[in-house]
Amino acid sequence: MQVIKEIDRMISQSNFPHTSLITGRKGVPLWPVLHRAIKALMNTDVKDAHGVSAAMQKVDKMIHPDVHYTFPYPKKKDNTCSDYMQEF
């Protein structure tokens, strides 16, 4: 997949932009690609005994303070993106 190669190249050259908008066709599963890229970018902490850094744990739980997720959701009265995080 071309997008994976491009993301890997930018990360390996320390040339990944601080803000990225990555979109795809409906039904194309980009989340695994993006999650992998986020983990590669944030993997700078000291690892614990299991080889997992605190940053990776936060990324996996989608609570890392430096990572912000935005995605479309159906607008209803008083709802926000946070209401759909589990589905996302």
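This is a predicted model: local features need pLDDT of at least 70, side-chain atom pairs count only at pLDDT 80 or more; totals for chains, interfaces and linings use all residues.
Colleague: How do you know what confidence the predictor has in the protein chain?

Modeller: The pLDDT of the protein chain averages 80, and 94% of the residues score at least 70. H2 has the lowest mean, 84, and H3 the highest, 86.

Colleague: What makes Ile38, Met42, Ala55, Met56, Val59, Val67 and Tyr69 a nonpolar core?

Modeller: A nonpolar core needs buried residues of the listed nonpolar kinds, joined through side-chain atoms within 4.5 Å. These seven residues make up the largest such core. Helix H2 (31-42) and helix H3 (54-60) each supply at least two of its residues, with H3 giving the most, three.

Colleague: Which residues does Val67 touch, beyond its neighbours within four places in sequence?

Modeller: Val67 is in contact with Ile38 and Met42. A second, separate core has five residues, including Ile7, Met10, Ile11 and Ala37.

Colleague: Why is Ser14 called exposed?

Modeller: Exposed means over 50% relative accessible area. Ser14 has 69%, so Ser14 is exposed. Ser14 lies in the loop between helix H1 (2-12) and H2.

Colleague: Why is Met62 called partly exposed?

Modeller: Buried requires under 20%, and exposed over 50%. Met62 has a relative accessible area of 22%, therefore Met62 is partly exposed. Met62 lies in the segment after H3.

Colleague: What makes the phi of Ser14 worth a remark?

Modeller: Most residues other than glycine have a negative phi. Ser14 is not a glycine, yet has a positive phi of about 50°. Met62, also not a glycine, has a positive phi of about 60°.

Notes
Residues are numbered from 1 along each chain as its sequence is written. Side-chain values use heavy atoms; hydrogens and water are left out. Buried means under 20% relative accessible area, exposed over 50%, partly exposed in between (1.4 Å probe, protein chains only). Helices (H or I, at least four residues) and strands (E, at least two) are DSSP runs, numbered from the N terminus. Contact means heavy atoms within 4.5 Å. pLDDT is the predictor's confidence in each residue, from 0 to 100.
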